[in-house]
Amino acid sequence: MKATVMYGAGDVRVENVPDARIVESTDALLRVTRACVCGSDLWPYNQMEHTDLGRRMGHEFIGVVEEIGADVRTVKPGDVVVAPFAWSDGTCVFCQEGLQTSCLHGGFWGGTDLDGGQGEAVRVPLADGTLVVLPVGEDDALMPSLLTLSDVMGTGHHAARAARVAPGKTVAVVGDGAVGLCGVIAAKRLGAGQIILLGRHPDRIALGRDFGATDIVSERGGAAIERVRELTYGLGAHSVLECVGHTLSMETALGIVRAGGAVGRVGVPQHEQIPTTTQTFYDNVTISGGPAPARAYIEELLPDVLEGRIEPGRVLDRTGSLDDVPEGYRLMNERESIKFLIEV
Ligand SMILES: [Zn+2]
């Protein structure tokens, strides 16, 4: 089968790999129908050291179940299913608490010993805990939005939850990538009053406004902090969604949060320390967040997608085939695309 393999920074290839197959009795074999490239795939795309082994890529995908192991109960061949970006058993103590990213028996797609989603097929471990059946056909028009439930929409929602977004509150979203834009959707969905989007790309800002952003701040650093303070009577935002992960974006997030407010961070941190610890201590600021338990949020968000109340699939602004994946990485890396949809 064909799949995406990364060998080092800037070196991503679509090539023939061993066919995915059932190994454990709890596995399902999935024929992938849609997948996408994630902003987090760009970290290795820019920084990964060369490896001869290669690393299988992709953690956002939808597919059709082809075959199941003897112990699989909740999915059957022919089902259209979405997989969250982490696989999990659905039964351990953390899964029962809705924190499937910390599953005692789970893990993440791709790498050197598991299939990734950017390929023709995937062996899904712990299929009962991991997969969610979608009540649609494999080519349904809602596919782009359904696909965002595997990661970016769940991650934006997690940022909003971690930042304690609530009706009527002032929210600031740091970052205008796919996750930040989904954070705007999530904030609006949870009833936020004012939604300030910090970003500087015209296409993304336009989409952010459509999703519910009421104010745009395109300055950076200290100027951005000042501008948000101006927009919030000098007080700052109740809830700040940090959707980038850079030191500067975290400093901005902590600089615009109101005393007693919360920062929900979902950008994979590229720094070892959280900045401005003294000020946030005296301001009683809550800093929360981490990898989103996307699996926990699928059931909550799915009805809103199916009934058209939210359209997170609009962040997928470019589409190509599996062979176009290297071009998809390039487009996203050059900021010519917000997010690249792969029709497998
Ligand atoms: Zn678990």
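Which backbone nitrogen lies 3.1 Å from a polar atom of the side chain of Thr130? The nitrogen is that of Ser88. This is a predicted model, and two sites in it are described here: Thr130 and the pairing of α8 with α9.

**Thr130**

Thr130 belongs to helix α3, which spans residues 127-130. Its relative accessibility is 0%, so Thr130 counts as buried; the cut-off for buried is under 20%. The side chain of Thr130 has polar atoms close to backbone atoms of Ser88 and Pro125. The table gives the distances.

| Backbone atom | Distance to a polar atom of the Thr130 side chain |
|---|---|
| Ser88 nitrogen | 3.1 Å |
| Pro125 oxygen | 3.3 Å |

Leaving aside residues up to four places away in sequence, Thr130 touches Val82, Pro84, Ala86, Trp87, Ser88, Trp109, Val124, Pro125 and Arg295.

**Helices α8 and α9**

Two packed helices are described by the angle between their axes and the distance between the axes. Helix α8 covers residues 221-231, and helix α9 covers residues 247-256. They pack at an angle of about 25°. Their axes are 9 Å apart. Angles under 35 degrees count as roughly parallel, and α8 and α9 are therefore roughly parallel to each other. The crossing of α8 past α9 is right-handed.

From α8, the contact uses Gly221, Ala224, Ile225, Val228 and Arg229. From α9, Leu248, Glu251, Thr252, Gly255 and Ile256 take part. Sorted by class, the contact of α8 with α9 holds five nonpolar, three polar and two charged residues.

Definitions and conventions
Residues numbered from 1 in each chain as written. Predicted model: local features only at pLDDT ≥ 70, side-chain atom pairs only at ≥ 80, totals over all residues. Heavy atoms only, no water. Helix = DSSP H or I, 4+ residues; strand = E, 2+ residues; numbered from the N terminus. Buried < 20%, exposed > 50% of the residue type's maximum accessible area, 1.4 Å probe, protein only. Polar contact = N/O pair within 3.5 Å; in protein donor to acceptor, adjacent residues only side chain to side chain. Contact = heavy atoms within 4.5 Å. Axes fitted to C-alpha atoms, helices over the stretch in contact; angles between N-to-C directions. Parallel < 35°, antiparallel > 145°, perpendicular 65-115°, else oblique. Left-handed = near helix turned anticlockwise from the far one by under 90°. Nonpolar A, V, L, I, M, F, W, Y, C, P; charged D, E, K, R; others polar.
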